[in-house]
Amino acid sequence: SKCKFRIRVTYMNFKLEKPIIEMENEYNDYINEWEKSEEKIVPYAARREGQEFKDLLNNWKLDCTDKAYEKGFVPSTLYFLLGDNKKIYGAIHIRHELNEYLLSYGGHIGYGIRPSERKKGYATLMLSLSLPIAKELGIKKALITCDKENTSSAKTIKNNGGVLENEIEQKGEITQRYWIEL
């Protein structure tokens with residue numbers, strides 16, 4: 001089962017790790033920072049949505065199973081970028097496959113770095129650490145998208161070998177679609 005896949009990818013003092021109960025305090029700190037910034041938390045999968053942490057853990061575990069289809073999603077896995085200080089720097093969401101919507105607008109991988117830690121290279125690092133996981137999941141080419149105005153995200157994708165395929169407009173928003181060969 002792809003849910004049993006438990007890779008811990010490490011680089012220097014950083015690692016990607018699936019959420020566990022011991023992360024609750026750091027997760028709350030991470031979410032509180034996003035909420036104070038009044039930005040939408042990305043990726044969407046990392047949002048609290050009024051749930052207790054233990055309930056979030058259960059939902060995240062179910063999200064990597066076929067139960068995800070019942071909610072209108074595809075199986076996926078959420079990881080947090082942790083420093084050796086256990087601080088959560090960002091979250092990355094790997095979708096195991098694409099549906100029609102994800103093929104156009106969402107891609108295989110969505111990510112976000114907490115507001116206070118941006119422009120320090122963490123997004124590029126986090127995406128690079130996620131690519132071996134995506135490959136292990138059987139993804140041969142990873143689709144990653146971003147809003148055209150989000151030049152930082154586009155740079156992150158390009159830094160990881162992303163090649164722009166095209167741009168799609170929907171409701172006045174332009175989504176750039178990049179592919180990374182794994």
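Let's start inside the protein, where ring pairs join Tyr27, Tyr30, Trp34, Phe53, Trp60 and Phe80 into a cluster. Here, rings of Phe, Tyr and Trp (its six-membered ring) pair if their centres lie within 6.5 Å; planes under 30 degrees apart are stacked, over 60 edge-to-face, and the rest tilted. Keep in mind that this is a predicted model, where local features need pLDDT of at least 70 and side-chain atom pairs count only at pLDDT 80 or more, while totals for chains, interfaces and linings use all residues. Residues are numbered from 1 along each chain as its sequence is written, and side-chain values use heavy atoms, leaving out hydrogens and water.

The structure holds 11 aromatic pairs. One of them, Phe14 with Tyr89, is edge-to-face, with 5.2 Å from centre to centre and 80° between the planes. This pair links distant parts of the chain, since Phe14 sits in strand S2 (residues 14-17) and Tyr89 in strand S4 (residues 88-95), 75 residues apart. Strands (E, at least two residues) and helices (H or I, at least four) are DSSP runs, numbered from the N terminus. Are these two residues buried or exposed? Phe14 is buried, at 16% relative accessible area, and Tyr89 is buried too, at 8%. Buried means under 20% relative accessible area, exposed over 50%, and partly exposed in between (1.4 Å probe, protein chains only).

Now step back to the whole protein. Its secondary structure comes to six helices and eight strands, and 48% of its 182 residues are buried. Along the principal axes, the C-alpha trace spans about 40 × 35 × 35 Å.
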